[in-house]
Amino acid sequence: MEEVHYHESKFIDSSGCLRITKVPVVQELVRHGLDRLPDRFIQPRPSGSPPSSRHRRLPIPFVDVARLREGSDLGVRAEEQARLRAAAEELGVFVITGHGIGDDVLGGVRDVVKGFFGLSFDEKKGCVGCYMSVDNMGYGRNFVKSDDQPLDWIDRVTVKAFPKSATEGVDVWPQKPSNFKGAMEAYTEQSRDVLDEILGALAEAFSLEKRAFLDYFDRDSSDVNLRINCYMPCPSPDLALGIVPHTDASALTLLIQFGASDGLQILNDGEWHTAEWPEDVLLVSAGDLMEIMSDGRVRSPWHRVATRSIAERFSVAMFYNPPSTATIWPVKGGSGEFREVVVGEYCRHLYEISPTKGKDAINFAKIL
Ligand SMILES: O=C(O)CCC(=O)C(=O)O
Ligand SMILES: [Fe+2]
């Protein structure tokens with residue numbers, strides 16, 4: 001019988017020792033054929049809320065970026081800013097139209113993502129650079145901290161796209177498909193401009209200086225991490241999760257999904273809802289750094305990913321952060337519950353304590 005492949009995940013155990021645990025590669029499990037979900041992927045039953053996607057649906061507001069641009073009619077712009085503000089305050093999530101990123105660029109991303117996950121395990125493993133100094137990167141798993149924690153039903157590769165200086169001398173991009181880096185860089189460059197426009201518009205929507213958030217971002221030193229997720233069909237979608245509940249540490253996250261929809265779920269009014277988010281459409285989600293910077297005006301959503309029994313689903317999450325050495329300050333006039341934090345320290349804290357049962361990481365930035 002062919003051997004199933006494993007990722008090796010390093011963690012520090014409760015006595016402070018460095019341990020390595022072997023984590024099965026989901027694509028390999030599925031390739032070998034499965035009639036039941038392996039025990040390591042069974043999630044403890046969350047109270048009254050099975051993960052499968054037969055869930056209440058949550059309409060996600062649309063924001064038209066073209067209408068937010070300078071030069072559009074003042075009334076139109078004010079109306080769109082009001083929509084943006086309402087979406088940011090109520091859910092922290094919205095889908096965007098009018099962004100100007102071409103179908104060729106989005107199609108290029110889709111093709112290289114499917115191309116990469118279509119490779120054999122050995123090809124994938126062999127063509128992704130090895131990160132020595134950057135946490136949580138490469139082809140493997142996030143947040144495995146023990147031999148017995150329930151595992152996410154996911155395969156993923158994570159790439160630090162910017163700043164380039166953080167990965168100098170290390171070839172971090174998958175070498176296959178050969179246009180992986182080119183396609184992702186074209187997408188990232190254009191997406192960054194769109195996210196900058198949204199950062200400006202968000203500040204204006206809250207009657208702040210346009211650069212209130214934007215001033216923390218810098219072309220040469222801002223952080224862009226790409227997390228490219230592959231969710232294989234799962235034999236028991238009610239028992240497993242693609243990603244366990246979490247917030248993103250980012251300021252803003254830009255997401256796109258291919259292959260299938262109905263994976264992303266958001267906790268709203270104490271209930272899990274499946275986000276109504278069509279394939280190939282860009283979705284913006286606020287992360288904890290935005291909640292802190294906006295002093296609680298924008299809330300980072302507590303979200304998770306459900307699995308499905310048919311059809312692979314892929315998503316690309318682009319996490320956009322100020323430079324890791326930057327100190328961000330909550331703008332005045334919000335909830336008053338936050339203090340300043342160093343971006344890198346906040347992200348390290350979130351990684352260290354994740355996964356958590358509730359939205360705990362952000363307490364790090366709260367005034368006690
Ligand atoms: O796949 C998705 O829809 C969401 C992914 C996500 O939440 C993440 O990568 O942080
Ligand atoms: Fe996320």
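Good morning, colleagues. What we have here is a predicted model, in which local features need pLDDT of at least 70, side-chain atom pairs count only at pLDDT 80 or more, and totals for chains, interfaces and linings use all residues. Residues are numbered from 1 along each chain as its sequence is written, chains are lettered from A and ligands numbered from 1 in the order in which they are written, and side-chain values use heavy atoms, with hydrogens and water left out.

Let me start with the metal site. The iron ion, ligand 2, is coordinated by H246 through NE2, D248 through OD and H303 through NE2, at 2.1 to 2.2 Å. Donors here are N, O and S atoms within 2.8 Å of the metal (3.2 Å for Na, K and Ca), and sites may look incomplete because water is not among the atoms. Along the chain, the donors of the iron ion follow the spacing H-x1-D-x54-H. Since H246 lies in strand β9 and H303 in strand β14, the pair ties together parts that are 57 residues apart in sequence. Helices (H or I, at least four residues) and strands (E, at least two) are DSSP runs, numbered from the N terminus.

Are these two histidines buried or exposed? H246 is buried, with a relative accessible area of 18%, and H303 is buried as well, at 7%. Buried means under 20% relative accessible area, exposed over 50%, and partly exposed in between, with a 1.4 Å probe and protein chains only.

I turn now to ligand 1. It is surrounded by 15 residues, and the closest are Y231, H246, H303, R313 and S315. A residue counts as near if one of its heavy atoms lies within 4 Å. Which polar side-chain atom lies 2.7 Å from an oxygen atom of ligand 1? That atom belongs to S315. Oxygen atoms of ligand 1 are also 3.1 Å from a side-chain N or O atom of H303 and 3.2 Å from one of N229. The protein covers 98% of the 300 Å² of accessible area that ligand 1 has on its own; such areas come from the Shrake-Rupley method with a 1.4 Å probe, and for residues only the protein chains shown count as cover.

The elements that give two or more residues to this shell are β8 (223-231), β9 (241-246), β14 (303-306) and β15 (313-321). The largest share, 4 residues, comes from β15.

Next, a helix. Helix α4, residues 103-117, has 15 residues and reaches 21 Å from its first C-alpha to its last, close to the 21 Å expected at 1.5 Å a residue. The expected span is 1.5 Å times one less than the number of residues. Among the buried residues of α4 are V105, L106, V109, V112, V113 and F116.

Finally, some backbone details. In the loop between β7 (155-162) and α6 (180-205) we find P163, and a cis peptide bond joins F162 and P163, with omega about -5°. The peptide bond from K176 to P177 is cis too, with omega near -10°.

Two aspartates have a positive phi although neither is a glycine: D262 at about 60° and D280 at about 70°. D262 lies in the loop between β10 (252-258) and β11 (264-268), whereas D280 lies in the loop between β12 (271-276) and β13 (282-286). At 35% relative accessibility, D280 counts as partly exposed.

Terms used
Polar contact = N/O pair within 3.5 Å; in protein donor to acceptor, adjacent residues only side chain to side chain.
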